[in-house]
Amino acid sequence: MLCASHDGGGHGLCSSCLQSLAWHIAPKCPQCGLLSNGLICGSCLSSPPSFDATHALFNYDYPLDRLLQHYKYKESLHLADAFSALLINSLLDTGLNQKSKIDLIMPMPMHHERLKQRGFNQALEVARLISKNMQIKLDYTSCQRIKLTPPQASLPLKERIKNIRGVFQCNKNLQGLSVALVDDVMTTGASLNELAKTLKQAGAAHVECWVIARTLPKPY
């Protein structure tokens, strides 16, 4: 998909291109996924998010950012196969089964108006494949996005938090369950945090974020 090689393997990416991608493998905070010494970062200690852990596959950087944009806005649905397969491999490599048992997989909900515009929920397509391959129940109906808000990408941090407040609603009792939230990109984490907060209010005991890419602060 990147170099036009005929040897795309099972993911549509040759081995050289796969190796050159910005894998999210540097020591990081296990809760928010930002780079640290591998321990909970100061931000999560001082103001803990509602989610308990973050697993990101890549840093949101070139050329992965272009692939994700093609996936979301050019209806390149075949990319869901590559993203889900790579994310599954990464999760299994970290010993997911030994660390925590996930009861439910939930994709980031889209408001019905935005779903009508785009035609598909990019998080759901990846979550569906992860659910099938890892044999974890998929739930994409119990939690809805009840408010149509401006896209988060167009807003600064403080506005993102304000913009996303109270936009989700969960109509299912999640008492004691461990839930994995699937999304394409985690930037500030505001959307995932608000969704995790909603799930915790519905009784969820543990919430993880499984994302294709994590945006990292730009060095000055």
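Guide: At the start of α7, a side-chain oxygen of Asn121 comes to within 2.9 Å of the backbone nitrogen of Ala123. Helices (H or I, at least four residues) and strands (E, at least two) are DSSP runs, numbered from the N terminus. The model is a predicted one, in which local features need pLDDT of at least 70 and side-chain atom pairs count only at pLDDT 80 or more, while totals for chains, interfaces and linings use all residues. Residues are numbered from 1 along each chain as its sequence is written, and side-chain values use heavy atoms, with hydrogens and water left out.

Visitor: Which residues of α7 are buried?

Guide: Gln122, Ala123, Leu124, Val126, Ala127, Ile130, Ser131 and Met134 are buried in α7. Buried means under 20% relative accessible area, exposed over 50%, and partly exposed in between (1.4 Å probe, protein chains only).

Visitor: How far apart are the end C-alpha atoms of α7?

Guide: They are 19 Å apart, which agrees with the 18 Å that the 13 residues of α7 should span at 1.5 Å a residue. The expected span is 1.5 Å times one less than the number of residues in the helix.

Visitor: Changing topic, in what order do the strands of the open sheet run?

Guide: The order of the 5 strands is β1-β7-β6-β2-β3, with parallel pairing. Two strands pair if DSSP finds at least two bridges between them. β1 and β3 (137-138) are the edge strands, each pairing on one side only.

Visitor: How many bridges join β1 to β7?

Guide: There are 6 bridges between these parallel strands, and Ala56 has Val211 in β7 as its bridge partner.

Visitor: Is β1 mostly covered or mostly open?

Guide: β1 is mostly covered, with 7 of its 7 residues buried.

Visitor: Which strands does α9 lie across?

Guide: Helix α9 (residues 190-201) lies across β2, β6 and β7, and runs at about 165 degrees to β6. Axes are lines fitted to C-alpha atoms, for helices over the stretch in contact, and angles run from 0 to 180 degrees between N-to-C directions. Contact means heavy atoms within 4.5 Å.

Visitor: What about the nonpolar core; how many residues has the largest one?

Guide: The largest nonpolar core has 32 residues, and those with the most contacts inside it are Leu68, Tyr71, Phe83, Ile105, Val126, Ile130 and Trp210. Two or more residues each come from β1 (53-59), α3 (64-73), α4 (79-93), α7 (122-134), β6 (178-186) and β7 (206-214). The largest share, 7 residues, is given by α4. A second, separate core of 29 residues includes Ala123, Ile164, Val179 and Leu181. Such a core is a set of buried Ala, Val, Leu, Ile, Met, Phe, Trp, Tyr and Cys residues joined through side-chain atoms within 4.5 Å.

Visitor: Which side chain does Glu208 join in a polar contact?

Guide: The side chains of Glu208 and Trp210 are joined by a polar contact of 2.9 Å. A polar contact is a pair of N or O atoms within 3.5 Å; within protein, one must be able to donate a hydrogen and the other to accept it, and residues adjacent in sequence count only if both atoms are side-chain atoms. Glu208 is found in strand β7 and is buried, with a relative accessible area of 9%.

Visitor: Finally, where is the cis peptide bond?

Guide: It joins Tyr62 and Pro63, with omega at about 0 degrees. Pro63 is placed in the loop between β1 and α3.
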